Amino acid sequence: MDAAGLDRALTWHGGQQCASPVVWNPRTAEDLRGRPRLRPAWAILPPATGELPPPDRFFEAMKRAGVSALWAFPNEHRFRLDGLGFEGLFHGMVERRIPLFVRQNPVDLKELLADCPELPVVACAQGPHSVERHLRPLLDRFPNLLLETSGLLVEGLIESFCERTGPARLLFGSGFP
């Protein structure tokens, strides 16, 4: 981080994606305790399943653990990421300005953005061509959609994104947990 000029990093654990957030959310926060430059992020599951606490209790646990961002892994955890399944959780996230990071096909992101336009959503690992072909209309229509850089591999793509959309909606990301 020092060599790259990074003061802080938002981090998550591969177990949150490949196994159960129920187990790996608290473990991630515990592993990062005492490392103020590394901020834990947690993963979500549909509230209806009851695997995670109800939204109010979940937000309190996040606060106690120093968690300020959430991840969704709808493909790996087999759920539909939309307003119907996450309405209460997303409402609380909007109130608290908690961003949702997600690696999902831009076509599927459209439903989430249309259902919850106020929710700050960070589209991760999008590229190399999804920005041009799928994400631009979404970025034009949904001002709370941001883009993480790890998939922006085409020469000049970051520059053209900044010219068209502005740098404030672009977040540096490595693609690593």
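How much space lies in the largest pocket? I looked this up before anything else, bearing in mind that the model is predicted.

**Entry 1: the pocket.** I found about 690 Å³ of space in the largest pocket. I then listed the residues around it: 29 residues line the largest pocket, and those closest to its centre are Leu10, Phe101, Leu171, Phe172 and Gly173. Of the elements, β1 gives the most, with three residues.

**Entry 2: leucine 146.** I stayed with strand β7, where leucine 146 lies. Is leucine 146 buried or exposed? I noted a relative accessible area of 17%. The cut-off for a buried residue is under 20%, so leucine 146 counts as buried. I next looked up its partners, leaving out residues up to four places away in sequence: leucine 146 touches Val121, Val122, Ala123, Ala168, Arg169 and Leu171. Valine 121 is 25 residues from leucine 146 along the chain, yet their C-alpha atoms are separated by 6.1 Å.

**Entry 3: threonine 28.** I turned to helix α2 (residues 21–32), which holds threonine 28. Its relative accessible area is 4%, and threonine 28 is buried. Setting aside neighbours within four places in sequence, I recorded contacts of threonine 28 with Thr11, Trp12, His13, Gln16, Pro40 and Ala41.

**Entry 4: nonpolar cores.** Which residues touch the most other members of the largest nonpolar core? Among its 38 residues, I found Ile44, Leu81, Phe90 and Leu100 in that position. A second, separate core has ten residues, among them Ala41, Ala43, Phe73 and Cys124.

**Entry 5: helix α6.** Which residues of helix α6 (residues 106–115) are buried? I listed Pro106, Leu109, Leu112 and Leu113. Seen down the axis of α6, these buried residues fall within an arc of 100 degrees, and therefore they line one face of the helix. The general rule is that an α-helix has 3.6 residues a turn, so residues three or four places apart point the same way. Finally, I examined the start of α6, where a side-chain oxygen of asparagine 105 reaches to within 2.7 Å of the backbone nitrogen of valine 107.

Notes. Residues are numbered from 1 along each chain as its sequence is written. This is a predicted model: local features need pLDDT of at least 70, side-chain atom pairs count only at pLDDT 80 or more; totals for chains, interfaces and linings use all residues. Side-chain values use heavy atoms; hydrogens and water are left out. Buried means under 20% relative accessible area, exposed over 50%, partly exposed in between (1.4 Å probe, protein chains only). Helices (H or I, at least four residues) and strands (E, at least two) are DSSP runs, numbered from the N terminus. The arc is that of the directions from the helix axis to the C-beta atoms. A polar contact is a pair of N or O atoms within 3.5 Å; within protein, one must be able to donate a hydrogen and the other to accept it, and residues adjacent in sequence count only if both atoms are side-chain atoms. A nonpolar core is a set of buried Ala, Val, Leu, Ile, Met, Phe, Trp, Tyr and Cys residues joined through side-chain atoms within 4.5 Å. On a 1 Å grid over the protein atoms alone, a cavity is a set of points where a 1.4 Å probe fits but cannot get out, and a pocket is an open set with protein on both sides within 12 Å along at least five of seven lines; lining residues have an atom within 4 Å of a point. Grid points are joined across faces, edges and corners, and a volume is the space filled by probe spheres set on the points. Contact means heavy atoms within 4.5 Å.
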